[in-house]
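The exercises below each set a task and then work through the solution step by step.

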Amino acid sequence: MMELSLQHVIEELTLLRFETALIVGSLVLLTAGMLSKDEVTYKVLFSITLLISLFLADVRDIGTSTSGAISIDSLSGILKILFAFISLWIVFFHSTFRRYEHYFLLLSIVLGSSLMLSANHLLLFYIAIELTSLSSYLITGFSFSRKGYEAAIKYLLFGGVSSAIMIYGISILYGLSGSMLISDMVINVQAGPFYHVGMICLLGGLFFKVGLVPYHFWVPSTYQEAPTDAVAILSIVPKIAGFALLHRVLISFELLSDPIYRQVIAVLGIATVLMGTFGALRQDNIKRMIAYGAIAHSGLVLPTLLIQGEQGGLAFVWYVTIYAIMTMAIFMIASMYEDFGIKDVKDMKGIGIQFPVMGALTLLILVAQIGLPPTAGFTAKFYLFSSIWNEYQASGATIILIYLIVGLLSVVLALFYYLKIPFHSFLGTAESPYFGNFSIISRSVVTIFTIMVLWIFLSPEFLNKIAFNINFIGW
Amino acid sequence: MMEAISPTYFVFLSLFIFCAGIAIIIIKRSAIFVLIGIELMLNAANLNLVYFSQYDPGMNGLMTSVFVVVLAAAEVAIALAILLNIFKHYKITDPDELTSLKN
Amino acid sequence: MTDSLLTLIIFFPLLVTVVILFLPKDKDLLIKEIALGATAVQLILSVILFFSYDAALQPESWSNAFQFVERAKWISLYLGDYGWLQIDYFVGIDGISLLMICLSTFLLLVGVVASWNLNKNVKGYFILYLILSTSVVGCFAALDFFLFYVFFEFMLLPMFFLIGIWGGPRRGYASIKFFIYTLVGSLFILAVMIGLYLSVEDSSLTGQGQEVVHSFSLVNMMDGGYITDGILTPGTSIEFWGMNIRWVAFLLLMVGFAIKLPAVPVHTWLPDAHVEAPTAISVLLAGLLLKIGGYGFFRIAYGIFPDAAVNLTYPIAIFGMISIVYGGLTAMAQNDLKRMIAYSSVSHMGFILLGLASFNVQGAGGALFQMVSHGFISGALFILAGVIYDRTGDRGIANFSGLAKAMPVFTGFVVIFFFASLGLPGLSGFVGEFLVFLGALGSDYLPKWIGIVSISGIVISAAYYLWALQRMFFGKFWTREKVWEQTMYDLTGRELLLLIPLAILVVLLGVAPNIILGPVNNSIEFFVNQCFAQSQLYIAQ
Amino acid sequence: MTLIKTIWPLIFILPLFSGIIGGLNSKQSLKLSNFGIGAGLLFSIILVWLLDEPLILEWKWLEGVSFGFSIDRLNAMLVLLVYLITLLVQVFSITYMEHDPDQGRYTAKLGFFAFSMVGLLMSNQLVTLFLFWELVGMSSYLLIGFWYQEAARSKAARQAFMINRVADAFLLLGVIQVFNNGYATSFTEILSSGNQWDGFTGLCFIIGAFGKSAQFPFYGWLTKAMAGPTPVSALIHAATMVTAGVYLLVRISPVLIEWNLQVIAIGGAVTAFMAAVAALTQFDIKKVLAYSTISQLGYMILGIGVGAYQASVFHLWTHAFFKAGLFLAAGSVIHYMHELDSSKDAQDMRNMGGLQKILPVTFYAFLICGLALSGLPFLSGFLSKEGILTGSWLWGQSTGNYLVPVLAFCTAGLTAFYIGRQILLVFFGSSSFTQKIIEPMLTIRVPLIFLAVSSLWFWNSLNPINPLGWFWNSYLFADLGATSAQHSILGVLIGSIGLSLAGLGVAYWLYRPEAELTQNFKNSKEPAQLVGKISFHGWYIEKFYDQIVLLFSKIVAGAGWFDKKVIDRFVDGMGVTGVVMAKVIGWFDQNIVDGLVNFMASISQLIGRFVTSFQSPKIQIQIGWLLLTLLVLLLWFQFLT
């Protein structure tokens, strides 16, 4: 038993520089919240903490803490930068008054997710997931509306059940292997039926976070009712962290080489994509439709986990980065339309004609979500499909081919439902002209995002930079 | 000194509690009971953790069970807060009536 | 100047779009004039291109078959353990794309003049119009599969909105249907593109690093720069439902481009799109977008998979024949003039399939000529249909009769273009059909009866054109609504300005088709011989 | 020689030029275009005079396909014929069309026809021939449908063009076969190389020629073509256009194989006989002449079939004159009847009778041309018909197939009968008209007199009996190689004269003014018994076409009850275009193929509804689904591993 002196603890804190900055920032935000009622200070403090943590996150520092509970690699470094960068843009959301707890909870979600990235010990694993889940239950309720509370309680109950199942799985695995460290659990665990039960329950917790099929029920109602800037973060940060952690579990327990697990995960992924695309067809509420789109997207990210080698890792990082940018942009647009009181697709009639610039921006981001050429969405899907095609070529498993066909089908169906918005906004005729205008800040931020989306398509070289400095940990 | 109780009893006990929790969640009509169900499932996991930590020198199981209890409490606190708000608006606690979010 | 001519032709309209963006919304006339200027300049540039195109070039392989070539590195992505992915801005033309570019620039100019009296938010219209023109010309000049695919998709959005916002009553349904049909087609092409680029490597670039550099250049794919064990490398033994994977790839491409062509089973989007689209956009839709499908057959399907093409000539010819006959019959059943013309386009496009399937120089030359002549004829036909629609808001054949009395000059033009379209010799319609029949009956891949049944196509087309002519133009002058009688004035100056050049072109091409087939002949011969040689090479592997 | 080279293109362009000039100012359009046509006639006379060996002009039209014209003696003569008849017809139409508002369009169309006919005669390459062949078809469509105000006339024009189009499809197939089988693609080469064509290509050319020259099964369109103005019928449907088929067969006869020639012979004979029978009971003055044209064309085609193509060309030459004369005379009768009172049908012979004294010049012209048609000696018709009858007789003897000569002789008799009947009914008998119209000197009389005179024998050959005495014979066929020794056989001579006299006698006996047949001819209805019915309806050729279309649409539609419900409702008088089958396909395209897409769209909505049904708002059901799927996963693991 190595003695865990205070010395070791301080040393390990250097590994968690990003998280400590977040913790300190959120505490400062809490105290500031007591003193002043002015929202601008909250926003400033929020962005300062994120900037500091962004500054502290460094891709090159790789290492595991002495006790082995925390292990950081370049992938988690990059994802932390992505989380911080994406969460920064929340402050530009033009919305009603946000209390300081709102920003505190957002910071705790980001904190929880970054902890998930570096968790190597099942306890830290559980704490990180619970932290993110609890703060997202609370923040869903922060829209202070009847439906908001309803969505929050449903989300909480559903989350509670799945985390309970997860901790039960952890207890079984702990029983079988005798230790909590993921890396050395695999050595002395005897693979028996009980082991599979434990493993399925453990993976369940992650599936919940990521929103795969059996655990996706909370996604539509939560995304619809939670405050839009919270949903923006909710749909990106914990989901990506969940995927990274899921991959870490799959790799360390060597489940990827076991054909049964590969088939189960592939089937779940295909079911998720189908559920997401077909589900979205019937939606009228904009945010609910985007929620189903997000389910489909997480279904599409899943296969990158199954692809061994550098190709899989690269495909994952690229798809996830572009997904993050697109989703942030589309939620920002949704919140801008919300200011006009537009909740459903039907009452967007003719708005595109009255505000052509805004119409064009919405169209471009939607085209990115569908995955058509002029936008980065196409690069992401194109790269994803070619890596799946490679995997099919290498492994020859028909399930992978079915995945490719379902992926292509989802692009067509995505057209069906995403096109409803520009169809109504441009081709519909407004009964009464919309008065008022979109706020300058949010319009300029959306333009920045659209330019980013187009720019990634035109010269995706910057993706190469990511590829080079990720020297993969056995992806 | 009685010889130690064989592990199968513990595992089956925790499994029983876990299934009871699930049953309560599905059957009972009030949100409070769902919370109780979740508590039961968490305690079942705790039982397992505590029992198995005897074989682990690092006592990780005990540590985890402490955290599990703490986080369960936090979760219930949040749940009750939200339920209070719902009660203020809806005047019901039965989850079956909370059906305003369609398809 | 001629080295960057192609890029100038492609991206000049885009520059003008940027200028129009900053103009205020209400300056309609100025925007129209700028658009007219832009398309006029584009036409002049393409005329320069036509005359400075060296027709005597006798290429041996695809790599030196193209002129005005411009190549610039665009994207090079690192693929992990699969090496590098190299996409570059690679444009160039040979005889086939030269004709297509000239046709497109001419019809784009005609389109601008045809949409002169448009008044509903003109600025948006012309921005979308010029984006469409960039993507169409780009598609014809692209020699990089990725670039071709981007331009191919880039066309969908402007066309969707042009039909959707400025179209007729059922425009919503028609535009969505058009978009989805073409997108499904393009997904097939995407799947093949992925398979292709993974099994192709550009030997020139791989030299430096040790990893394989996968390139997208069509020239490389056509010249057979495949890696040893790629999935689509010729001679692969990989089967997919009992068929060689290369054949499956070829069929996917055929379906993708057949939707665009359109060929019969997948053609139902065309009549709806045409009926609802405004006149100018119908001209473009019929004149250009259908040719992209045809050009795709020439350049991509037949260029890259000649071995599959040689073996599948029989089914393709059957589909071509069915398109000709079925398209003609359905045209006879229509009572909306524009819908009839749309179905006649389906029938005329069947000739291209038949011409290509015959796999000889006459067939391919006939298919190419048919594309050019159909562009002019169907463009004029839609303008004529638009003339009636502008005056009365209705196109029903049964709603008018004896128009010859009220609009003699208009009837004169209708007679010219109807007879050109049904293939009267002396007008350009006949030459294309004659060459395709020559090819189909003379080809040693196709049985005789396919050619003979297709010849019945010219009888069917004569039937529905003359029937429409007789019901609508001859007999006593009568219109369904009394009020229309006053508005049936004869052709205005603008319409004449449109129709006279088209009529001259149709007659000129009919009498002396060698004007455009002469310079292009080397490319067609090279195309057919090279495809044949490649196919024998691949089959031997 | 250089003179010919310069005037040759002029001859080609002049009619188009005069047509355009005439078309522009519609008032004196006819007078102006006459100068053009007159000049053309002059040039063609010079051309015929000076030409000794054929001129060829060719240029590359397409890769491996060239566009070419050539002029040799045969088509120089025919071009002269076309110009002559066009000039006469235009002079005649000056009065015939004087109060027709758009004469300009009439002249333009006539000019366009003359241009395309001359082009057809001069073309050397088969592709050029096909090009002008279709242009001639189109100009006849325009001219038949000249009075487009009346729907019936424009419908007739469309149906005429459609039948021609069907035959032209076969001709196109033949041309393509020639190219693909590597045969000679121009007439000059055909003449020199002479390698035989295979039967199928030959048959395609024959069907094409039969279509244009209105032979059996295609002759339905010529009676419909009578809807056009009478001068047009005179020019196109008597003298020039319909002979294009004969000209083509003459050109390609050296390369046709044995059974092709037999097909031609039998086809010609059958048509001649059927048309002659059909002409017996017609009421419309122009319909009689139309059927007689079909019958005479049958003679010419028969002549080629039996190898006597010099006689056919001679018959073509003489027929052009006397048939044009007959039509123009009929035209002046119709013009007179129309002037009288335009309410009654101006073409119905039942309203005519006793026009002898009222229109003297027309009567004499009609009489002479009619007798020439019937083949009396001392008239041109006799000479050319004699040649063909001899040829068919010799052919009959050599091949033992006597059907053709028998039919030829019967037709000779029937021809005399129906032309005699027509003369008697129209010009003799009691005349109820008093108003005497002096036909304007220049425009009506001169053409009639010229045509009548040219039908006499001395215009064509010195010796009224011997068919070989034709002036042109030496000019035309000297360079065409050996001509079969065609001496006239006494038996054939007597037979033909006897038959024509007999025909005229029977006609006189039946329809002499005081006979009771002529008395109640005024109000006679359709013939009752079978033979009369067959003849009146022209062997039911129109019903035959409708049945073909019906059969074809039934095959395509296929469904039994379907045709009872849909096709029967549409079949009434849809005519050749087969709209019926198109309606079926139209419906099919709308509901099935289009339906497929909408079907897929609704399917995805359905799946969407099914998928979201799990998404029940109640939380406990969601958890229930979650646990269920977990259970399934666990079971999967238990059993599969």
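**Exercise 1. Find what share of the residues in chain B is buried, and describe the elements of that chain.**

Solution. Begin with the cut-offs: a residue is buried if 20 or more other C-beta atoms, placed from the backbone, lie within 10 Å of its own, exposed if 12 or fewer do, and partly exposed in between. By this rule, 33% of the 103 residues in chain B are buried. Next, take the elements, where helices are DSSP runs of H or I with at least four residues and strands are runs of E with at least two, numbered from the N terminus. Chain B has three helices and zero strands, and from the N terminus on its elements therefore read α-α-α.

The model is predicted, with local features needing pLDDT of at least 70 and side-chain atom pairs pLDDT 80 or more, while totals for chains, interfaces and linings use all residues. Residues are numbered from 1 along each chain as its sequence is written, and chains are lettered from A and ligands numbered from 1 in the order in which they are written.

**Exercise 2. Describe the side of chain D that touches chain A.**

Solution. Contact here requires C-beta atoms, placed from the backbone, within 7 Å. In these terms, 22 residues of chain D are in contact with 22 residues of chain A. Helices α25 (579–613) and α26 (619–640) of chain D each supply at least two residues of this side, and α26(D) gives the most, with 13 residues. By type, the residues of this side divide into twelve nonpolar, nine polar and one charged, where Ala, Val, Leu, Ile, Met, Phe, Trp, Tyr, Cys and Pro count as nonpolar, Asp, Glu, Lys and Arg as charged, and the others, Gly among them, as polar.

**Exercise 3. Work out which strands stand at the edges of the three-stranded sheet in chain C.**

Solution. Strands pair if DSSP finds at least two bridges between them. The open sheet has the order β1-β2-β3 with mixed pairing. Since β1 (67–78) and β3 (213–215) of chain C each have a single partner strand, they stand at the edges. Nine bridges join β1(C) to the antiparallel β2(C), residues 84–93, and L77(C) stands opposite L85(C) in β2(C).

Terms used: Two residues are in contact if their C-beta atoms, placed from the backbone, lie within 7 Å.
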